[in-house]
Amino acid sequence: MEWYQDFPHIGYNLEGKQIYKPIRSKDELDRFLEKMENPDYWRTVQDKMTGADVKLTDEQVELVNRLQRGQFGDVNFNPYEPAVDFFSSQLRIHPVTNRPADKRSFIPSLVEKEK
């Protein structure tokens, strides 16, 4: 959206035609009156792509509140689950990662070249 701030459109549709910005004709007085008359004004946000006002559901409001409190978005997520131990004290035949050595490990470093 920030790329199109100086243009009268907000992007292009599938046919390649411009999508024009919606006309917002509300001034400060209209917004204040809407705030006083609409009991769900606090849960209404503006969609920047379409310019329409979207009313958030209870689940969306709860998600926003959890994120503002610094909690996880999913209520059922447990950050203190027991970790899976990938490495053990037993010697295995195959390595955990089979990544080949880097090329730089075979080439002498700049300090070694100077010596």
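Modeller: The chain exposes about 11400 Å², of which carbon and sulfur atoms supply 56%, with accessible areas taken from the Shrake-Rupley method with a 1.4 Å probe and, for residues, only the protein chains shown counting as cover. This is a predicted model, in which local features need pLDDT of at least 70 and side-chain atom pairs count only at pLDDT 80 or more, whereas totals for chains, interfaces and linings use all residues. Residues are numbered from 1 along each chain as its sequence is written, and side-chain values use heavy atoms, with hydrogens and water left out.

As background, the chain has 3 helices and 4 strands, helices being DSSP runs of H or I with at least four residues and strands runs of E with at least two, numbered from the N terminus. From the N terminus on, these elements follow the order β-β-α-β-β-α-α. The chain is more spread out than a compact globule, because its radius of gyration is 28 Å, well over the 13 Å that the globule rule gives for 115 residues (the radius is taken over C-alpha atoms, and the rule is 2.2 Å times the number of residues to the power 0.38). Of the 115 residues, 7% count as buried, where buried means under 20% relative accessible area, exposed over 50% and partly exposed in between, with a 1.4 Å probe and protein chains only.

Turning to the part you asked about, the structure holds 6 salt bridges, each a side-chain nitrogen of Lys or Arg within 4 Å of a carboxyl oxygen of Asp or Glu. One of them joins Arg 31 to Glu 28, with the closest N and O atoms 3.5 Å apart; both residues lie in helix H1 (residues 28-37), 3 residues apart, or about one turn of the helix. Within this pair, Arg 31 counts as partly exposed at 35% relative accessibility, while Glu 28 is exposed, with a relative accessible area of 59%.

Another salt bridge brings together the side chains of Arg 69 and Glu 62, at 3.4 Å from N to O, and Glu 62 counts as partly exposed at 37% relative accessibility.

Further along, the side chains of Arg 99 and Asp 102 meet in a salt bridge of 3.1 Å, N to O. Arg 99 is exposed, with a relative accessible area of 63%, and Asp 102 counts as partly exposed at 25%.
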